[in-house]
Amino acid sequence: MTNASNEPSFRESVDLMVDRAMAAMELDEGTAKAIKTCNAVLQVQFPVKIRGKIEVFTGWRATHSTHRLPSKGGIRYAPYADQDEVEALAALMTYKCAIVDVPFGGSKGALLIDPNQYDRDELELITRRFALELIRKGFLSPSTNVPAPDIGTGQREMAWIADTYKHLNPDDINYVACVTGKPVHHGGIQGRIEATGRGVQYAIREFFRHPEDVTKAKMTGSLDGKTCIIQGLGNVGYHAAKFLSEEDGVKIIAIIERDGALINDEGINIEDVFQHIQNHRTIKNFPGASFEENGMTLLEKECDILIPAALESQITLENADRINARLIVEAANGPITYGADEVLNKKGIIIIPDAYANAGGVTVSYFEWIRNISHIRFGRMQKRHDELRGHQMTAMLEEVTGSKVSENLRNNVTRGADELDLVRSGLDDTMRSAYQQIRSTLEDEATIHDLRTASYVTSIRKIARSYLDVGIY
Ligand code: NAD
């Protein structure tokens with residue numbers, strides 16, 4: 001999506017941010033060019049018969065990098081999708097995977113469609129036909145290019161894609177790994193739906209573990225009681241807002257959706273709003289908050305943490321100067337344009353950038369892909385063994401101390417980790433260590449002044465190393 005003003009397009013914006021990072025490090029021109037260039041873009045146009053009439057659909061899949069395989073990235077269904085956006089998102093995937101040490105290249109896909117205009121059966125036909133195009137043209141397989149959900153797609157679409165691939169490749173034992181974000185009973189993994197929002201929560205928690213960083217953002221203390229505004233209550237926004245408010249004491253004072261915004265300085269119950277949206281397909285008339293028709297203005301309301309979790313180019317040169325948050329966490333991809341980013345940096349607003357903040361999705365997709373190619377659920381081999389060890393430990397403790405271990409402690413010690421525990425633990429570890437790498441780049445290098453540039457430098461160093469190790473041919 002290109003923004004309305006004269007600002008650079010989304011792809012140009014990403015490139016400018018990458019250029020800024022490359023300028024802050026010593027990287028030869030050739031390697032820089034190799035890293036930045038989009039490897040391949042496929043555009044497909046295909047007919048589908050809908051309600052007795054033939055409609056032609058347009059879709060794209062961009063493979064930004066293949067230094068690691070498969071290349072990975074979501075597929076979105078949106079009425080505003082275009083090639084520029086797909087290329088920008090594919091590039092972001094390259095940098096994102098490197099930041100969180102996920103050994104994949106970067107890719108992204110989109111279908112130009114308003115999914116709300118079609119029923120379930122029609123969407124299945126369209127999705128299967130789109131998948132067929134991507135598979136036949138070499139842009140979808142477990143070993144080369146693996147999509148996942150994004151805006152307008154979810155588990156259902158991923159299951160249709162996996163099934164289409166299976167029918168075309170009956171001999172591929174790893175067929176189920178051709179896509180991630182599948183339903184659990186179709187080879188998906190526990191915790192994938194919540195993963196991106198959960199990752200946003202873990203990123204913010206890690207930020208608050210560093211008092212110097214919190215001070216830089218002109219805040220003090222812990223997450224508890226901090227005010228937060230969220231834009232977009234879809235998959236990512238809903239989970240991030242739910243976990244932050246229910247588990248960390250964050251107060252959600254405004255929710256911006258496509259049809260307006262809800263405001264309540266005392267805090268809004270996320271689950272109640274979510275149920276309201278499920279029942280009424282709008283946030284209007286929600287009883288627990290006041291309503292503002294012009295939702296965008298709420299991006300400018302004072303708060304501790306602003307989380308754009310909807311679309312790209314939401315904070316632009318037009319409104320950047322009026323943003324009143326202390327910390328912005330980019331749960332969406334590209335919500336801040338290059339120009340706005342410079343304005344916000346000058347204003348001293350700290351930004352946790354998209355390529356790190358929303359990497360929880362691809363991290364858990366990586367876990368799902370490993371689960372698929374190893375053909376075993378995480379925890380299956382060791383859960384009962386861990387429980388047995390726990391029982392032996394508590395028995396030993398009781399024998400040595402001569403007193404009974406409390407029921408609560410016994411339950412904690414004797415409970416073996418299941419798949420969801422392991423996924424959350426792996427995600428938490430990934431988000432923590434990636435943030436620590438980024439902040440040490442920021443601390444060590446005098447030429448870097450913001451987390452976004454530090455993220456890109458951290459990432460580009462890893463990608464450059466992999467190019468230099470293998471060579472280019
Ligand atoms: P989604 O379709 O589930 O949710 C998007 C939400 O934004 C919806 O609730 C929609 O109503 C709302 N919205 C649309 N236009 C809006 C507007 N103008 N103002 C306010 N709200 C608006 O999509 P998602 O999967 O949650 O993705 C959201 C963002 O996160 C995208 O930028 C996506 O690329 C990024 N992301 C998603 C994942 C993932 O795992 N789903 C992973 C990484 C990044």
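Which residues does His 276 touch, not counting residues up to four places away in sequence? Colleagues, the answer is Arg 281, Thr 282, Ile 283, Lys 284, Asn 285, Phe 286 and Pro 287, where contact means heavy atoms within 4.5 Å.

Before I continue, a word on the source. This is a predicted model, in which local features need pLDDT of at least 70 and side-chain atom pairs count only at pLDDT 80 or more, while totals for chains, interfaces and linings use all residues. Residues are numbered from 1 along each chain as its sequence is written, and side-chain values use heavy atoms, with hydrogens and water left out.

Let me stay with His 276, which is found in helix 9, residues 270–280. Helices (H or I, at least four residues) and strands (E, at least two) are DSSP runs, numbered from the N terminus. His 276 has a relative accessible area of 10% and is therefore buried; buried means under 20% relative accessible area, exposed over 50%, and partly exposed in between, with a 1.4 Å probe and protein chains only. Its side chain reaches the backbone oxygen of Lys 284 at 2.7 Å.

Strand 8 (residues 260–263) and strand 9 run antiparallel and are joined by 3 bridges, with Phe 291 of strand 9 as the bridge partner of Leu 262. Strand 6 and strand 7, by contrast, pair in the parallel sense over 5 bridges, and Cys 228 stands opposite Ile 252 in strand 7. Since 5 of the 7 residues of strand 7 are buried, this strand is largely enclosed by the rest of the structure.

The largest nonpolar core has 87 residues, of which Phe 207 and Ile 307 touch the most other members. Such a core is a set of buried Ala, Val, Leu, Ile, Met, Phe, Trp, Tyr and Cys residues joined through side-chain atoms within 4.5 Å. Helix 3 (residues 83–99) gives the most to this core, with 9 residues. A second, separate core of 26 residues includes Ile 50, Phe 57, Ile 135 and Tyr 165.

Tyr 165 is also touched by Ser 141, a residue in the loop between helix 4 (120–136) and strand 5 (145–149). Ser 141 counts as buried because its relative accessibility is 12%.

Finally, the ligand. A polar side-chain atom of Arg 76 lies 3.0 Å from an oxygen atom of the ligand. A polar backbone atom of Gly 234 is 3.2 Å from a ligand oxygen atom, and for a backbone N or O atom of Ala 310 the distance to an oxygen atom of the ligand is 3.4 Å.

How values were computed
Two strands pair if DSSP finds at least two bridges between them. A polar contact is a pair of N or O atoms within 3.5 Å; within protein, one must be able to donate a hydrogen and the other to accept it, and residues adjacent in sequence count only if both atoms are side-chain atoms.
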